[in-house]
Amino acid sequence: MYVADDRNSGSQEPPIAWYRATMGRAGESVMSELAGFAGTLQADGFSGYNQIYKGGAIREAACLAHLRRKIFDVHDSQPTELSTTAMAGIQAIFRIEEEIRGLPPAERLAARRRRTRPLVRALRRQLMRQGKGLSRHADIAKAFAYGTRRWRAFNRFLYDGQLEPDNLIAERAIRGFTVGRRNWLFSGSFAAAERSAVVLSIIETCKLCGVDAEAYMADVTERIQNDWPASRWDELMPWNWGRRQEMPLSLAA
């Protein structure tokens, strides 16, 4: 699952989601798809991605929400002063992010340097200091270790105003599929899985663009059947489809 959506940093570029069917979850699939990519990749801590970051062309930006979730899972069942303090620190970071959402990258970066960086440093000191006094087999110690192992990647958003502190944009885009996957556990064939990925890509992109996916696919299918010119494909993209009332079918003739 890939998502590009920079609207939180004030971008006017349209969002897009892309599902990809693969024969397994191994990192080789992502490596082949991103072979020509250079930049920052924001993802969860799945070990299959580790090979991607070797060489330095692709930089890892870790997901602070995953760290929060790991600490919360322990805190929810066995709340302690350690987990309470850690949760409060992470929540303070996310409250700042809510305030600066939608601002240009430079303004977000300035706010993070001034307000968020001290909170992040305090959180790291807590994880390092208190983690040392815990048994490595303790659940809260494992949660803290998840953070300290990838700390540089967790800090990436402090140096780039375009980045998010988490990858929840992608998490939300895949949530509908993961919640209902028991209803479509088997595609029947790999070709069918690839077709499913195409449909899911359209649906999720429509959702990101605030477009009714069913109405969109019905309308676009009809236009294509009526020989919509290939030179005007861009007008049928979900982010442009909102102007459909201004595009009567007769224009395609």
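A charge sits over a ring if NZ of Lys or CZ of Arg is within 6 Å of the ring centre and within 35 degrees of the ring normal. Keep that rule at hand for a later stop on this tour, and remember throughout that the model on your screen is a predicted one.

**The whole chain**

If you follow the elements from the N terminus on, they run β-β-α-β-β-α-α-α-α-α-α-α-α. Along its principal axes the C-alpha trace spans about 75 × 45 × 40 Å, and buried residues make up 40% of the 253 residues in the chain. Among contacts between residues at least 6 apart in sequence, 60% join residues at least 24 apart.

**Aromatic pairs**

Next, colour the aromatic side chains, for a search of the whole structure finds six aromatic pairs. Select Tyr 2 and Trp 18, whose rings are stacked, at 5.2 Å centre to centre and with 25° between the planes. This pair links distant parts of the chain, with Tyr 2 in strand 1 (residues 2-4) and Trp 18 in strand 2 (residues 16-18), 16 residues apart. Is Tyr 2 buried or exposed? Tyr 2 has a relative accessibility of 19% and therefore counts as buried, since the cut-off for buried is under 20%. Trp 18, at 42% relative accessibility, counts as partly exposed.

Then move to Phe 46 and Tyr 49, which form an edge-to-face pair at 5.2 Å centre to centre, with 90° between the planes; both Phe 46 and Tyr 49 are buried. Now select Tyr 146, Trp 151 and Phe 154 together, because these three residues form one aromatic cluster.

**Charges over rings**

Here the opening rule comes into use. Tyr 146, already seen in the aromatic cluster, has Lys 70 over its face, at 4.7 Å from the ring centre.

**His 66 and its surroundings**

Select His 66, which is found in helix 2 (residues 64-77). With a relative accessible area of 11%, His 66 is buried. Which residues is His 66 in contact with, leaving aside its neighbours within four places in sequence? The contacts are Asp 44, Tyr 146, Asn 167 and Glu 171. If you also pick the C-alpha atoms of His 66 and Asp 166, you will find them separated by 7.7 Å, although the two residues are 100 residues apart along the chain.

**The cavity**

Rolling a probe the size of a water molecule over the atoms shows where empty space is left. In this model the count comes to one cavity of 30 Å³ or more, and about 40 Å³ of space lies in the largest cavity. To see its lining, select Leu 64, Ile 93, Val 120, Trp 151, Phe 154, Asn 155 and Phe 157; by class, this lining has six nonpolar, one polar and no charged residues. Trp 151 and Phe 154 are on this list, and they also belong to the aromatic cluster with Tyr 146.

**Asp 227**

For the last stop, go to Asp 227, which is placed in the segment after helix 9 (213-225). Most residues other than glycine have a negative phi. Asp 227, however, has a positive phi near 65°, and at 58% relative accessibility Asp 227 counts as exposed.

Note on methods:
Residues are numbered from 1 along each chain as its sequence is written. This is a predicted model: local features need pLDDT of at least 70, side-chain atom pairs count only at pLDDT 80 or more; totals for chains, interfaces and linings use all residues. Side-chain values use heavy atoms; hydrogens and water are left out. Helices (H or I, at least four residues) and strands (E, at least two) are DSSP runs, numbered from the N terminus. Buried means under 20% relative accessible area, exposed over 50%, partly exposed in between (1.4 Å probe, protein chains only). Contact means heavy atoms within 4.5 Å. Rings of Phe, Tyr and Trp (its six-membered ring) pair if their centres lie within 6.5 Å; planes under 30 degrees apart count as stacked, over 60 as edge-to-face and the rest as tilted. On a 1 Å grid over the protein atoms alone, a cavity is a set of points where a 1.4 Å probe fits but cannot get out, and a pocket is an open set with protein on both sides within 12 Å along at least five of seven lines; lining residues have an atom within 4 Å of a point. Grid points are joined across faces, edges and corners, and a volume is the space filled by probe spheres set on the points. Ala, Val, Leu, Ile, Met, Phe, Trp, Tyr, Cys and Pro count as nonpolar, Asp, Glu, Lys and Arg as charged, and the others, Gly among them, as polar.
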